[in-house]
Amino acid sequence: MKRFVILLAPWLAFAPAGAQETSPSVFNSASASAQKDYDQSLANLTRVRAEIDKDKEPMNRELAEAEAELAALQERYGPLTSELDQAELNVVNLKNQVKLATDESNYLTNIMDEFTKGYESKVHVSELQRLGEVLNKAKAASDDEKGTLKDRFMAQVGLIRSAIVRLSEVIGGTRFEGQAVDSQGFVMDGKFALIGPMAFFSSTDGKGSGIAMPQVGSPMPIIRSITPEINASIASLVETGKGLLPLDATLGGAIKDFVTKHTLLDTYKHGGPIMHPLLLVSVLVFGTALERIFFILREKKRRKPRDVHELLEAVEAGDFDKAIGLGRKSQDYVARALSHALEHVETNISDALGLAASMEIKRFKRGFFVLDTGMTIAPLLGLLGTVTGMMASFAAIGADMGAPSAITGGIAEALIATAFGLVIAMTGLVPFNYLNNMVEDAEHELEVAASKLELIIEKNKKHEEELRHRHKQMLASSEGGLQQISGPAKSGKIIGQDPLPA
């Protein structure tokens, strides 16, 4: 309809011009034609709509059915989708767990491989006879690259179980049957006794007993016999599981515990012969140090600065006898030194003071030689004990390991002697330095007092020189006056006396 109106619009626009020239019948004809077309178009439109409505209904129905089916399918497969997502998540978690388990398995396998490889070196060679099957199986599984991980793991677990059982048996010692080789190469059946890190063997026929030791190139241990008494003790211990063992089965551990836990007297006894001179040196060092400390404390207590002051005042007054008497009576070492110097003042006061001070200092340093020598020689004696102890240890090693206690005892002896020597030196160093400091203080006090005395004596000498010069001037002026009054003086006659003879 709109299209029809649009087609008619240009025509209607020019219609006024044509309308003046066309007749009304033309318009009516056109109108009828247009109406006819309009009706026809409307009929077609109605028909098309009817056809559309006719086709639309089944399509809507099919669409509704499809939507319903889709909803049903969604409802049906919704849980499956959730299950699928959960399954995918579980798969991821399972992969992570598998990876973690694989890493742990590899880690455990590596640890057990190392344990398997090092286990043989940690057990005694005599134990390989009863642990060899399990150990060889575990070693073969570790070296078999084509074997399954399960077989490898189980073989190694079997070795670990065997090691745990062995550990429970070894604590406190254990016995087991086995074979060993004597010194001539004959194989003997018997029984082992494993005590600590050492193994002992006793043959079934009782002909061979001793210490079981590894030998190069042989899976069987060799038996080292010691003395008949010790071999008998070993045989009794192996057979009964009880008895005394005259050996150090701890390979030095018992000696170390013995040295560290025993008294000082026991330690001294185990230090060896070198401990006697070390004891003498320690007595000399500490006795001298105590005597010197008490001596210096006594001299410090006897110090009387008033006596020194009075002595210097007497010297300044020119009364040397009084000053010497004060010094002799005083217990102050400074006053005594000054008094001793005044007794020899007619020679040289500086030399006299130096001599007196050196005598007092020598008295203070009496015994220092013993202290110094003792602190120096004590570590040297300790080193000497170390050398002798090590020599004894090496001698025991060279004696076919027959006396392990002698080896450890020699090392302990060396350590004890060295420790005692160092203790003496370090302990004596403290009082020695203290005494040196005290002597330096005494030297300083003597030097100060000697300087004061020298200054006073020099001052007195200058004063005497001035008095002597004035007296000479007075004598010269008196002689001139007498000559003018009574003439020249008589020969050999002196008027007046010199109060201060040179």
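These legends walk through several close-up views of one predicted protein model.

Residues are numbered from 1 along each chain as its sequence is written, and side-chain values use heavy atoms, with hydrogens and water left out. Because this is a predicted model, local features need pLDDT of at least 70 and side-chain atom pairs count only at pLDDT 80 or more, while totals for chains, interfaces and linings use all residues.

View 1. Let us start with the overall picture. The protein holds 15 helices and five strands; these are DSSP runs numbered from the N terminus, helices being H or I with at least four residues and strands being E with at least two. Of its 502 residues, 29% count as buried, where buried means under 20% relative accessible area, exposed means over 50% and partly exposed lies in between (1.4 Å probe, protein chains only). Among contacts between residues at least 6 apart in sequence, 63% join residues at least 24 apart; a contact means heavy atoms within 4.5 Å.

**View 2. Helix H10 beside helix H12.** Here you can follow H10 (residues 305–316) and H12 (residues 333–343), whose axes come within 9 Å and cross at roughly 25°. That angle makes H10 roughly parallel to H12. Angles under 35 degrees count as roughly parallel, over 145 as roughly antiparallel, 65 to 115 as roughly perpendicular and the rest as oblique. The axes are lines fitted to C-alpha atoms, for helices over the stretch in contact, and the angles run from 0 to 180 degrees between N-to-C directions. H10 passes H12 in a left-handed crossing, meaning that the near helix is turned anticlockwise from the far one by less than a right angle; clockwise would be right-handed. On the H10 side, look for Asp307, Val308, Leu311, Leu312 and Val315, which meet Val334, Ala335, Leu338, Ser339 and Leu342 in H12. These contact residues divide into eight nonpolar, one polar and one charged. Ala, Val, Leu, Ile, Met, Phe, Trp, Tyr, Cys and Pro count as nonpolar, Asp, Glu, Lys and Arg as charged, and the others, Gly among them, as polar.

**View 3. Helix H10 beside helix H11.** The axes of H10 and H11 come within 7 Å and cross at roughly 165°. With that angle, H10 is roughly antiparallel to H11. This crossing, too, is left-handed. Glu310, Leu311, Ala314 and Val315 of H10 make the contact with Phe320, Lys322, Ala323, Leu326 and Gly327 of H11. By class, six of the residues are nonpolar, one is polar and two are charged.

View 4. The structure holds 20 salt bridges, each a side-chain nitrogen of Lys or Arg within 4 Å of a carboxyl oxygen of Asp or Glu. In this view Arg47 pairs with Glu51, their closest N and O atoms being 3.3 Å apart. Both residues lie in helix H3 (residues 24–122), four residues apart, about one turn of the helix. Arg47 is partly exposed at 44% relative accessibility, and Glu51 is partly exposed at 41%.

View 5. Glu343 forms a salt bridge with Arg328, and the closest N and O atoms are 2.6 Å apart. Glu343 lies in helix H12 and Arg328 in helix H11 (residues 320–329), so the pair ties together parts that are 15 residues apart in sequence. Glu343 counts as partly exposed at 26% relative accessibility, whereas Arg328 is exposed at 61%.

View 6. Arg336 and Glu360 form a salt bridge whose closest N and O atoms are 3.7 Å apart. This pair links distant parts of the chain, with Arg336 in helix H12 and Glu360 in helix H13 (residues 349–364), 24 residues apart. Arg336 is partly exposed at 23% relative accessibility, while Glu360 is buried at 9%. Through shared partners, salt bridges join Arg298, Glu299, Arg302, Arg336, Glu360 and Arg363 into one network.

**View 7. Two pairs of residues separated along the chain.** Lys461, in helix H15 (residues 404–486), is partly exposed at 46% relative accessible area. Its C-alpha atom is 10.0 Å from that of Gly318, 143 residues apart along the chain. Thr240, in helix H6 (residues 228–240), counts as partly exposed at 47%. Thr240 and Arg175 are 65 residues apart in sequence and 9.6 Å apart in space, C-alpha to C-alpha.
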